[in-house]
2 protein chains.
Amino acid sequence: MKNRLEELRKQRGLRQEELAAALEVSRQTIGSLENGRYNPSIQLAFKLAKYFGLTIEDIFIYEEAPK
Amino acid sequence: MKNRLEELRKQRGLRQEELAAALEVSRQTIGSLENGRYNPSIQLAFKLAKYFGLTIEDIFIYEEAPK
DNA sequence: CTGAAATGTCAAGCTTGCTTTCCATAGCGT
DNA sequence: ACGCTATGGAAAGCAAGCTTGACATTTCAG
């Protein structure tokens, strides 16, 4: 699963740390998502979508092969 | 987080077991989601949305309180 | 070039999502 | 009542998401 987090964050001129604080997660979590080390929980996906004013589908690109 | 899984499944006249098979998860997973024992992973949420021809936001209702 | 800020990344530990197995309960046709 | 089918739900175990803490690397202003 790919995502547009880094792009969206930079568009808004935010640091990973600031975005993390806004979402109440750790900076490492944001970095890990941007770099594809793992996928977000659905809760966090909703938080991100709400924060950016987009839908989950706008931010995360589902790819068939779950791996 | 609430969801409309049971409603959607029944609309389509499916058993939990059939839906589970279509999504390649266990019957217990479907039952647990319908009864709110836990939230789906984002992968499974995407699978469900695709299966029902809806968006994740159509199926899952995000509630602030992460509990 | 130098230093500070931002990001990358790892490790250990806890929590949550999902599996399999198993048993209990509910509903329904006969 | 009986038996069958669908669903509910618990337990144990593994995988994935997230945390804190620490350290390496990149980036960029001066």
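## The nonpolar core

The largest nonpolar core holds 17 residues, and those that touch the most other members are A:I42, A:A45, B:I42, B:A45 and B:I56. A nonpolar core here is a set of buried Ala, Val, Leu, Ile, Met, Phe, Trp, Tyr and Cys residues joined through C-beta atoms within 7 Å, where buried means that 20 or more other C-beta atoms, placed from the backbone, lie within 10 Å of the residue's own. At least two residues of this core are supplied by each of α4 (42-52) of chain A and α3, α4 and α5 of chain B; helices are DSSP runs (H or I, at least four residues) numbered from the N terminus. In soluble globular proteins, nonpolar side chains tend to be buried together.

This is a predicted model, in which local features need pLDDT of at least 70 and side-chain atom pairs count only at pLDDT 80 or more, while totals for chains, interfaces and linings use all residues. Residues are numbered from 1 along each chain as its sequence is written, and chains are lettered from A and ligands numbered from 1 in the order in which they are written.

## How the two chains meet

The contact takes 14 residues from chain B and 14 residues from chain A, with two residues being in contact if their C-beta atoms, placed from the backbone, lie within 7 Å. On the side of chain B that touches chain A, α4(B) gives the largest share, four residues, and by class this side has nine nonpolar, four polar and one charged residues. Apart from its neighbours within four places in sequence, A:I42 is in contact with residues including B:I42, B:A45 and B:F60.

## The surfaces near the DNA

DNA strand C is surrounded by 17 residues, the closest being A:R15, B:V25, B:T29, B:Y38 and B:S41; a residue is near a strand if its C-beta atom, placed from the backbone, lies within 6 Å of it. The largest share of this surface, three residues, comes from α3(A).

DNA strand D is surrounded by 17 residues, with A:S26, A:T29, A:Y38, A:N39 and A:S41 the closest, and here the largest share, three residues, comes from α3(B).

Definitions and conventions. Nonpolar A, V, L, I, M, F, W, Y, C, P; charged D, E, K, R; others polar. Buried ≥ 20, exposed ≤ 12 C-beta atoms within 10 Å, placed from the backbone.
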